[in-house]
Amino acid sequence: MTGNNISSKGFRIYSVARKVFIYCLSVFIVAVAIFFAADKSPKKSMFGFRYYTVLTDSMAPEFSSGDMVFVRVVNANKIKEGDIITFNPSSGSDAYLTHRVTEKITDYQGTGVTCFRTKGDANNTDDSFLIDESRVIGKVKFHVPKLGVMVRFVQLRWYFILPLVALMFVFFKMMKYYFDLKSKNDSAQTQQSIKTE
C-alpha cells in the first residue's frame, strides 16, 4: 500500500468521523431545544435538574440574560453563604429568581425556619426580602450560555424546526455526494497517472 493510499484512507475516516460528530451534535441540540421548549412547567426537570432561562443581567458576569441555569434540588441545610440559588420570591407569582446567598439565618426569630438573604452579583444592594426555605428550589450547579435564547426561539417559532431538520439532512447528503465525487475524481486521476507512466 502506497503512502498516498494510506493518506487517502485516513482522510476518508476523518471525513466520516467529522460528519457523524456534526450530525449527532446537530440532532442533539435540536432535540434538547424541542424538549426544553415543550415543557413549560416551573417544575420541569431533566436528569434530576431543573432548568430556568435567565431573563436579566442581575448575576453578570456569572451568567447573563439568555443563558440557561441548571439547578439541583437540595435541602436548606446544604446551602451556604456564597451559593447561587433559584427561588420563588412571592407566593402570588410563578416568577423565579436566581441570586447569590449573602447570609443564612438558621433559626429566624425563633421559628426554627431557615431563611436566606440574597443579592444579584451585578446589583449594588441585597434583595429587599428574605427567602424562607420553602421557597428555595435548589442550588445552581452549572449554566449553558445562550441556550435559553434557543429555547425561546423554538417556543415562539416551532414551525421552523422541521425545515431546519430537513435542511440538515440535505446538507449531509450533499456532503456525502461531494466526498464520493472527490473520491472518484482522485481514483480517475490515479489511474490516468499510471497509464501515462
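Colleague: Let's start with serine 58: which side chain does a polar contact of 3.0 Å join to the side chain of serine 58?

Modeller: Histidine 99 is the partner, at 3.0 Å. A polar contact is a pair of N or O atoms within 3.5 Å; within protein, one must be able to donate a hydrogen and the other to accept it, and residues adjacent in sequence count only if both atoms are side-chain atoms. Before we go on, this is a predicted model: local features need pLDDT of at least 70, side-chain atom pairs count only at pLDDT 80 or more, and totals for chains, interfaces and linings use all residues. Residues are numbered from 1 along each chain as its sequence is written, and side-chain values use heavy atoms, leaving out hydrogens and water.

Colleague: Where does serine 58 lie, and is serine 58 buried or exposed?

Modeller: Find the loop between E2 and E3 and you have serine 58. Helices (H or I, at least four residues) and strands (E, at least two) are DSSP runs, numbered from the N terminus. With a relative accessible area of 15%, serine 58 is buried. Buried means under 20% relative accessible area, exposed over 50%, partly exposed in between (1.4 Å probe, protein chains only).

Colleague: Which residues is serine 58 in contact with, leaving aside neighbours within four places in sequence?

Modeller: Contact means heavy atoms within 4.5 Å. For serine 58 the list reads His99, Gly120, Asp121, Ala122 and Asn123. Take aspartate 121 from that list: it sits 63 residues from serine 58 along the chain, yet the two C-alpha atoms are separated by 6.3 Å.

Colleague: And which salt bridge does aspartate 121 take part in?

Modeller: The general idea is that side chains of opposite charge can pair when their charged atoms come close. The cut-off here is a side-chain nitrogen of Lys or Arg within 4 Å of a carboxyl oxygen of Asp or Glu. Aspartate 121 meets arginine 100 this way, at 2.7 Å from N to O. That pair links distant parts of the chain, with arginine 100 in strand E5 and aspartate 121 in the loop between E6 and strand E7 (130-132), 21 residues apart. Arginine 100 is partly exposed at 22%, and so is aspartate 121 at 30%. Glu62 joins Arg100 and Asp121 in a network of salt bridges.

Colleague: How many salt bridges are in the whole structure?

Modeller: The search finds 6. One of them pairs lysine 139 with aspartate 83, 3.6 Å from N to O. Lysine 139 belongs to strand E8 and aspartate 83 to the loop between E3 and strand E4 (84-87), so the pair links parts of the chain 56 residues apart. Both ends are buried: lysine 139 has a relative accessible area of 14%, and aspartate 83 has 12%. Another salt bridge joins arginine 135 to aspartate 132, also at 3.6 Å; arginine 135 counts as partly exposed because its relative accessibility is 25%.

Colleague: Back to polar contacts: which residue does the side chain of threonine 118 meet at 2.5 Å?

Modeller: Aspartate 127, side chain to side chain. Threonine 118 is in strand E6 (residues 115-119), and at 0% relative accessibility it counts as buried. Skipping residues up to four places away in sequence, threonine 118 touches Ile85, Phe87, His99, Arg100, Val101, Thr102, Asp126 and Asp127.

Colleague: What about the backbone: which peptide bond is cis, with omega near 5°?

Modeller: The one from alanine 60 to proline 61. Proline 61 lies in the loop between strand E2 (49-53) and strand E3 (68-72), and serine 58 is in that loop too. For phi, look at glutamine 109, which is not a glycine but has a positive phi of about 50°. Glutamine 109 is in the loop between strand E5 (97-105) and E6, and at 67% it is exposed. Lysine 146, not a glycine either, has a positive phi of about 65°. Look for lysine 146 in the loop between strand E8 (136-144) and helix H2 (147-156); at 45% relative accessibility, lysine 146 is partly exposed.

Colleague: Zooming out, what pattern does the protein chain follow along the sequence?

Modeller: α-β-β-β-β-β-β-β-β-α-α, from 3 helices and 8 strands. Of its 197 residues, 29% are buried. Among contacts with a separation of 6 or more, 53% come from residues 24 or more positions apart.
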